[in-house]
Amino acid sequence: IGNSLCHKNVTVLILEIGDLETEDTLLDPLNKSILQYIRLLLPDDMVVSLKIRNISELEFFWKKNHNAISHIIVIGHGKQNGIKFGPEKWINVDEISRIIDIQGCTEKIFISLCCKTGNSHFGARISSTSVCKFYIAPFQSVHGAIASQFTQCFLAHHLLEGETPTIAFSHAENDAVGRPNFRLWINGKLKGGPPIAT
């Protein structure tokens with residue numbers, strides 16, 4: 001059995017960051033579609049679904065549970081330098097990085113489905129933290145259906161087929177409808193997806 005087929009201590013966190021405005025029509029359905037798919041891949045005790053609306057809730061949960069998590073899927077609204085928490089508050093990437101980058105925290109795979117969080121400012125910053133081994137996110141706006149399909153394709157290749165995150169990312173890019181424009185960042189460097197415009 002190849003090493004890539006073995007996954008140690010897999011627990012997937014689906015983190016929905018609510019905004020009160022689009023939860024019923026976008027964020028909640030996206031959360032449910034990914035949750036139900038993961039439940040077909042993994043036992044229920046290896047999946048955690050958390051819905052929050054402010055940064056203090058993230059900080060509280062992360063301090064207590066970070067070492068139990070191997071993969072994080074973030075659902076919410078993003079822009080080039082932050083993510084929206086609740087109906088009005090935008091939290092910048094530096095503050096988010098400060099909260100998640102806990103000393104001694106195990107490395108994790110991050111998949112952000114928040115629009116524009118795969119751009120160079122956000123992607124390079126998050127992927128440079130010691131807690132982030134791979135960071136995948138769209139660098140433009142992304143339709144909810146395509147975000148769900150891309151995530152499911154990636155997880156099928158990575159967890160079901162045993163592919164490395166880099167190979168699974170490449171296959172998910174090719175499999176998902178509409179060229180979803182996701183990028184892969186590792187250690188502050190762009191390693192996959194559309195190049196940075198010069």
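## Terms and basis of the model

Helices (H or I, at least four residues) and strands (E, at least two) are DSSP runs, numbered from the N terminus. The structure is a predicted model, in which local features need pLDDT of at least 70 and side-chain atom pairs count only at pLDDT 80 or more, while totals for chains, interfaces and linings use all residues. Residues are numbered from 1 along each chain as its sequence is written, and side-chain values use heavy atoms, with hydrogens and water left out.

## The sheet and the helix across it

An open sheet is formed by 7 strands in the order E2-E1-E3-E7-E8-E9-E10, with mixed pairing, where two strands pair if DSSP finds at least two bridges between them. Strand E2 (47-52) and strand E10 (189-192) are the edge strands, each pairing on one side only, and from one strand to the next the twist averages 20°. Within this sheet, strand E3 (residues 71-75) and strand E7 (residues 108-112) run parallel and are joined by 4 bridges; Ile73 has Ile111 in E7 as its bridge partner.

Helix H2 (residues 55-65) lies across strand E1 (12-17), E2, E3 and E7, and runs at about 155° to E2. Such angles run from 0 to 180 degrees between N-to-C directions, and axes are lines fitted to C-alpha atoms, for helices over the stretch in contact; contact means heavy atoms within 4.5 Å.

## Helices H5 and H6

Helix H5 (residues 144-160) packs against helix H6 (residues 165-175) at an angle of about 140°, and their axes are 8 Å apart. H5 and H6 are therefore oblique to each other, given that angles under 35 degrees count as roughly parallel, over 145 as roughly antiparallel, 65 to 115 as roughly perpendicular and the rest as oblique.

The contact is made by Gln149, Phe150, Cys153, Phe154, His157 and His158 of H5, together with Pro165, Ala168, Phe169, His171, Ala172, Glu173 and Asp175 of H6. By class, this contact of H5 with H6 has 7 nonpolar, 4 polar and 2 charged residues (Ala, Val, Leu, Ile, Met, Phe, Trp, Tyr, Cys and Pro count as nonpolar, Asp, Glu, Lys and Arg as charged, and the others, Gly among them, as polar).

## Helices H3 and H4

The axes of helix H3 (residues 93-100) and helix H4 (residues 120-127) cross at roughly 15° and come within 10 Å, which makes H3 roughly parallel to H4. On the H3 side, the contact is made by Val93, Asp94, Ile96, Ser97 and Ile100, and on the H4 side by His121, Phe122, Arg125 and Ile126. The residues of this contact of H3 with H4 divide into 5 nonpolar, 2 polar and 2 charged.
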